[in-house]
Amino acid sequence: MAWFKNLRELLGLQKNSTMCLCMVVSEQEGAEIWLNDRKTNFVTPKAVAIPKGPETKITLKLVGHKDHTAYVKSAHTLTYYHCKLERIPLRLIRNEVYQSASL
């Protein structure tokens, strides 16, 4: 087991680092995390590195939910973002659609 003196040492961040660690959490786990319109291979909950200072666009996408976009800006080494994704309401489909489908 490894021991760390502080969070900075655990995260491997230097004192004058230009990156910030952002913990991205959604109430519905498993949402895809997109940073500045680029897909990452991460899903919530996850700590992601973002530039310290300028705004970073964070988009969360989950099947059956509306996409959620926020702009996060932090001057600190560690920040946190939490949201609740809005569910897309279910819609009933008429029988005509099923009758026209071929098996």
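This is a predicted model: local features need pLDDT of at least 70, side-chain atom pairs count only at pLDDT 80 or more; totals for chains, interfaces and linings use all residues.

Tutor: Start with the order of elements: the protein chain has two helices and seven strands, arranged along the sequence as α-β-β-β-β-β-β-β-α.

Student: How many residues does the protein chain have, and what share of them is buried?

Tutor: There are 103 residues, and 30% of them are buried. For contacts between residues at least 6 apart in sequence, 46% join residues at least 24 apart.

Student: Which strands pair with strand 1, and in what sense?

Tutor: Strand 1 pairs with strand 4 (residues 46-51) in the antiparallel sense, over six bridges. Leucine 21 and alanine 49 stand opposite each other in that pairing. Strand 1 and strand 7 run parallel and are also joined by six bridges; here valine 24 faces tyrosine 81.

Student: Is strand 1 largely enclosed or largely open, and why?

Tutor: Strand 1 (residues 19-26) is largely enclosed by the rest of the structure, because six of its eight residues are buried.

Student: Where is threonine 79 found, and is it buried or exposed?

Tutor: Threonine 79 is in strand 7, which spans residues 78-83. Buried means under 20% relative accessible area; threonine 79 has 18%, so it counts as buried.

Student: Which residues does threonine 79 touch, leaving out those up to four places away in sequence?

Tutor: Threonine 79 touches Cys20, Leu21, Cys22, Met23, Ile50, Val72 and Ser74.

Note on methods
Residues are numbered from 1 along each chain as its sequence is written. Side-chain values use heavy atoms; hydrogens and water are left out. Helices (H or I, at least four residues) and strands (E, at least two) are DSSP runs, numbered from the N terminus. Buried means under 20% relative accessible area, exposed over 50%, partly exposed in between (1.4 Å probe, protein chains only). Contact means heavy atoms within 4.5 Å. Two strands pair if DSSP finds at least two bridges between them.
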